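Open the model in your viewer and keep the selection panel at hand. The tour goes from stop to stop, with something to select at each one.

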Amino acid sequence: MMKKPMFSKLTGAIRNTALTAVIGAGALLTGCAATQPGSNQQGAESLPNGMKGDGHEYMLTVTRPNQLHVIDTETDQVLRSCDVPGTFGNGSIAISPDGRTAYVLTGMYENIYGFDITNCEITFSTHQSYDNVQVKSFISMAVSADGKELYTVQNPVRKHSDRFETMQPRLAVFDTSGGLKTQPVRTFPVDRRITKIAAMDNGEVVLGGGDLKAINPENGETRLITALQNWDRAPDKWVPPDAFAMHTMGEHVGEFIMPYFTIRWNGEPGDESKADFLWGHVRIDLKTGDVEMIETVPFEFIVFNWVTDPNDKNVVYGSFNQLSKHNFKTGETLGIHALDHTYYNINMTTDGKKVYVAGAGNTVSIHNPETLERIGYLKMPGDMSTSDLRLAVLK
Amino acid sequence: MALKKNKITRALLGTGVLTLAGLAPAQAQAADGESIIRDRCLVCHTDTGDASAPFSRISEQRKTPEGWMATISRMQQQRGVVISPEEKRELVKYLADNQGLAPAETQGLRYVLEKEPNVLESFDPLLQETCVRCHSGARIALQRRTEDEWKWLVHFHMGQQPTAELHAGARDRAWFDIALNQVAPKLGNDYAFNTEEWSQWQAVEKKSLDGRWAMSGYLPEKGQFDAVVVISQNDNDRYSVTLEGQYADGTPISGSGKAIVYTGYEWRGTLTVNGVKMRQVLAASEDGQTLEGRMYQRNDDVMGGKVIAVKNSAITAITPSYIKQGERKLLTISGNKLNGSISLGAGVKVISIIARDEERTVVIAEASRTAKVGSRDIKVGRTSADDLLAVYDELARVEITPSDSIARVGGAGGSIPKQKSWYRAVGYAAGADGKPGTADDLRLGYMPAQWSLKPFDEIAEHDNDIQYAGTIDNRGIFTPGDAGPNPERKMSTNNVGNLTVIGMVQDGDQTISAESHLLVTVQRFVRALID
C-alpha cells in the first residue's frame with residue numbers, strides 16, 4: 001500500500017529498498033544485550049596495552065548484542081572488544097581528538113558510555129532521559145576539538161500519565177571530565193531532525209538537519225551554513241534535497257560530509273525523461289570552515305555515505321551493494337567493485353591506503369583504493385547493523 | 001435525543017446515583033463498560049468531571065471495534081494495563097457501541113477491516129505523504145476525533161516511533177510541524193468527533209439479525225457458492241450461526257460458529273467451514289435485511305472473498321453473469337425466497353428449469369441471435385435485481401483483478417506462512433461504439449481463465465525470478481517460494497521476484513489475454529488488526 005512519491009520512481013524504488021530497510025532496522029531493534037563481563041580486558045598497568053600511540057590508527061565499530069570493537073588497521077585484526085552496557089541502539093560512535101576515548105550511543109539511543117579504547121575502561125557515562133522525559137539522540141554525538149566537551153542533540157518527549165508531549169530538541173553540552181552518570185552542563189534549543197553533527201576547530205558545532213547550521217556551544221548562537229531544505233533554487237528546476245545523513249564521518253581528513261539526492265528538471269517539472277537524477281553533497285572543512293556544495297555524480301548508485309580520498313579531495317568512495325569510486329569535480333565514475341553483501345558504512349585510513357566497508361552484517365571488507373580489489377576480510381562476532389565505522393588516531 | 005439520554009445516564013453514573021439493579025439490559029452493559037474504565041484505566045487517565053467527556057483521552061475519540069481493540073492492546077502491552085480477557089471484550093464492545101462509527105463513516109474504507117489484499121489507496125496528498133507510510137490511510141480515516149485528540153495522536157507517534165521524522169518521505173520536510181499544525185487540524189475537520197452521521201445512527205433502532213438468510217459469495221479455492229445461513233440470537237448482540245450450501249460444482253459447503261455485532265451493524269463472525277477456521281467481517285444494512293462483506297480463512301486472510309446475505313426475498317447473483325447472442329447455457333440464480341416465474345429480460349428465454357428451490361434455481365437459458373447487447377434486469381416472481389445479466393456479441397477485452405499485487409515468501413520452517421495472492425479475469429464487450437476500452441464497454445463479469453507467469457522486466461528476467469518466486473495454479477492462485485536466503489541466487493537473495501500474471505480467456509474461437517503485476521517480496525514481521 002505504499003505509494004511512491006510523485007516526483008520520482010527512482011527514489012520510490014530506493015526508498016522501498018535501502019532506506020526503509022536501514023531506518024526500519026533502527027525501529028525494529030528490540031534485542032537485549034548480553035551482559036557478560038568484559039572478557040577482553042587486560043591489566044591496566046600494561047598501557048598502551050598492545051596498542052601503539054604516535055598516530056597509530058584504529059577502526060572502531062559496534063556489533064550486536066552490544067560490543068565496541070577496536071580493529072588495528074596495520075594487522076586488520078580485532079584487538080579489543082568492550083562490552084557496552086544497555087540495549088544496542090544504532091551503534092553510533094564519537095571519538096576524542098586524542099583517539100583515546102570512544103563515546104558509544106546505547107540504550108535505544110538514550111545513553112552514552114565513554115571507553116578508554118586501550119583497556120575498555122568506562123570513563124564517562126550519561127543517561128539522557130530523566131523524570132518522565134524520554135531523551136533520544138539519533139547519531140548526533142561529537143567531541144570538541146580540545147576534547148573537553150561532548151555534544152549531543154537531544155530529542156525529548158515528555159511522557160505524561162495519559163499522553164506524550166513532544167518537546168523542542170536541544171544541543172546538550174557535557175563536560176568530558178564529568179565521569180560517570182554525568183548530566184549536561186548547558187543546553188540550547190535547536191531544530192528538529194538533526195542527525196549527524198561535528199565539532200569545528202573554531203569551537204562551533206555543525207548541525208546536520210534539514211538545513212546545515214552551526215551553533216556556538218558557549219551561548220547557543222546559531223548561524224546558517226547552507227540551506228538544503230530551504231534552498232532558494234527554483235522549485236520548477238530543482239527538487240529540494242533529500243539528505244540521508246546516516247553516519248558522521250570524515251575524521252580522517254578533518255571534514256564533515258553530507259550527501260543528498262536531488263533532481264534537476266531540464267524540461268517540465270516531473271518530466272523524468274528530461275531530468276538529471278543527481279547526488280549532491282555538502283562538505284565542510286572543520287579546520288577552516290570552508291564549505292563546498294555541488295551536484296555532479298549521477299544517481300546510479302545507492303550509497304549511504306561518501307568518504308573522501310585523503311590524497312585527492314575530488315575523489316570519493318561510496319558503498320552499498322557495490323563499492324564505487326567517483327570524481328566529484330567531473331561526476332565521472334572511476335571504478336565499481338561488486339561486494340558480497342550490502343555494506344552501509346565506509347571509512348578510510350589517513351594515508352588513503354585502505355578503504356573499509358562495514359555495517360549490515362558481520363563482516364568488514366577491506367579494499368585497495370586504487371583497484372577497489374579486496375585486500376582483507378574480517379569476520380566480526382556479531383551483526384553491525386547500522387553501526388558507525390570510525391577512525392581513531394591514537395596520540 | 002439518544003445522545004442526550006446517554007449524557008444523563010453518564011452523569012448519573014458519575015455521581016453513583018444509578019446502580020446496576022433496575023437498569024434495562026443495554027444500560028446495564030453501558031454501566032459495565034464504564035466501571036471497567038473506572039477500575040482499569042483511571043490509574044493513568046483522569047475523570048474530567050465533564051459529563052459529556054468524562055475520561056481524559058478516551059471520551060473524545062470514536063473508532064471501529066478493531067480500532068478499540070488495538071488501542072487497549074497497546075495499553076496492555078506498552079503501558080502495563082492489567083485487564084482480564086473478559087473485561088477487555090466487554091470494554092471493546094462498550095466503546096465500539098458508544099463511541100463507534102456510523103455505517104456511512106466506514107463507507108469505502110471497509111477493505112481494511114475486511115482484510116482485503118492489494119487495495120491501492122489514494123488519499124488527499126497531504127495525508128498520503130505525511131501519514132500513509134507505515135500503515136494504511138484507512139487506519140486513520142476509520143477514526144473520528146476532536147482536533148486536540150488528533151494532535152495528541154501526533155505527539156504519541158513522536159514518543160512511540162521517535163525516528164518517524166527521519167524516515168524517507170519525512171526527513172526532507174518539517175514532518176512534525178506539518179503533522180501537528182496542518183494534518184491534525186485537517187483531520188479534526190474532515191474526521192471530526194461530532195458528526196451528523198453518528199447522531200443519526202445513534203438514534204436508529206437497531207434490528208435483531210435473527211433469522212434464516214441466503215448467502216452467496218466467492219472463495220478462491222472452490223469458487224462461487226450459495227448457502228442458507230441460520231442466525232440465532234443468544235444474547236444481546238451475540239449470535240450462533242450455521243451455514244449449509246454448495247459450490248457451483250455441487251461440492252457441499254457447511255459450517256457453524258458464532259458472531260457478535262458491534263455498534264448495531266458490525267458483524268464479526270468466527271466459523272469453521274468445511275473444517276477450516278474462517279472469519280466474517282460483515283456490515284448489516286440499516287433495515288437489518290442485508291449482510292455484506294468478506295469471509296476469509298483465519299490463518300490466511302488473503303484466501304477469502306466477498307459475500308452477501310439477504311433475509312428478505314432478493315436475488316443476490318447469477319452465475320455466469322453473461323450470455324452471448326445465440327448462445328444456450330446453464331445459469332444459476334441465487335437469492336432468498338425466490339418463487340414464481342423467471343424472467344431474464346428481453347431476448348433471453350428460459351428453455352428449462354434443471355433444479356429449483358427457494359435459494360437457488362438452475363436453468364437452461366438461450367439468448368436470441370438478435371437480442372440487443374446490454375445488461376438485463378432479472379425477475380423471479382415479484383423479486384427483481386437490476387443489471388445482473390449481460391447479453392453480448394463478442395468478448396472485446398479482459399481485465400485481471402487485482403491489477404497490482406503483492407505476495408510474500410514464507411514457510412520453510414519459519415514461523416511466518418507464505419502469503420499467496422489470487423486473480424480473476426473480468427470480461428468486457430466493446431459496447432455501442434464497437435471500441436474496447438471506452439466508457440460504454442459492457443462488463444460481462446468474471447470469466448474462467450488459464451493462468452501463467454512471466455518476468456515483469458529485464459531485471460526479473462536476468463535474475464531468473466520466474467524460477468524462484470513461485471507458481472500459479474489453474475484457479476489463478478499464486479503460491480510464493482520458500483522464505484530465507486537462497487544460495488543459488490545472486491547475493492543469496494530471498495526467493496523474491498517481479499512477475500507478470502497472465503490470464504487468458506477463451507470465448508468461442510477467440511482468445512483474449514490480459515496482464516497484472518505481482519511483486520513477490522519478503523515476509524511481513526508485524527501484523528496489525530488494522531493494517
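## Stop 1: the interface

Chain B and chain A bury about 3000 Å² between them, and 61% of that area is on carbon and sulfur atoms. Keep in mind throughout that this is a predicted model. Select the contact residues: chain B gives 33 residues and chain A gives 33 residues.

Which residue does its side chain meet in a salt bridge? Select Asp242(A): the two side chains pair at 2.6 Å, N to O. Across this interface of chain B and chain A, the rule finds two salt bridges.

## Stop 2: a salt bridge within chain A

Zoom out for a moment. Over all chains, the structure holds 50 salt bridges. One to show next is the pair of Arg100(A) and Asp116(A), whose side chains meet at 2.9 Å, N to O. The pair links distant parts of the chain, with the two residues 16 residues apart. Arg100(A) sits in the loop between β4 (93-95) and β5 of chain A, while Asp116(A) is in strand β6 of chain A.

Follow the chain into the loop between β5 (101-106) and β6 (111-116) of chain A, and select Met108(A) there. Check its backbone. Met108(A) has a positive phi of about 50°, although it is not a glycine.

## Stop 3: two cis peptide bonds

Go to Pro65(A), in the loop between β1 (56-63) and β2 (67-72) of chain A. Show the backbone from Arg64(A) to Pro65(A): the peptide bond is cis, with omega near 0°.

Switch to chain B and select Pro402(B). Where does Pro402(B) lie? Look in the loop between β19 (397-401) and β20 (404-408) of chain B. The peptide bond from Thr401(B) to Pro402(B) is cis, with omega near -10°.

## Stop 4: helices α3 and α4 of chain B

Select residues 65-79 of chain B for α3, and residues 85-98 of chain B for α4. The two helices pack at an angle of about 135°, with their axes 9 Å apart. That angle makes α3(B) oblique to α4(B). The crossing of α3(B) past α4(B) is right-handed.

From α3(B), show Pro65(B), Trp68(B), Met69(B), Ile72(B), Ser73(B) and Gln76(B). They meet Lys88(B), Leu91(B), Val92(B), Leu95(B) and Ala96(B) of α4(B). Colour the contact of α3(B) with α4(B) by class, and there are eight nonpolar, two polar and one charged residues.

## Stop 5: helices α9 and α10 of chain B

On the α9(B) side, show Glu147(B), Trp150(B), Lys151(B), Val154(B), His155(B) and Met158(B). On the α10(B) side, the contact residues include Trp175(B), Phe176(B), Leu180(B) and Leu187(B). By class, the contact of α9(B) with α10(B) divides into ten nonpolar, two polar and two charged residues.

Definitions and conventions
Residues numbered from 1 in each chain as written. Chains lettered and ligands numbered in written order. Predicted model: local features only at pLDDT ≥ 70, side-chain atom pairs only at ≥ 80, totals over all residues. Heavy atoms only, no water. Axes fitted to C-alpha atoms, helices over the stretch in contact; angles between N-to-C directions. Helix = DSSP H or I, 4+ residues; strand = E, 2+ residues; numbered from the N terminus. Parallel < 35°, antiparallel > 145°, perpendicular 65-115°, else oblique. Left-handed = near helix turned anticlockwise from the far one by under 90°. Contact = heavy atoms within 4.5 Å. Nonpolar A, V, L, I, M, F, W, Y, C, P; charged D, E, K, R; others polar. Buried area = accessible area lost by both parts, 1.4 Å probe. Salt bridge = Lys/Arg side-chain N within 4 Å of Asp/Glu carboxyl O.
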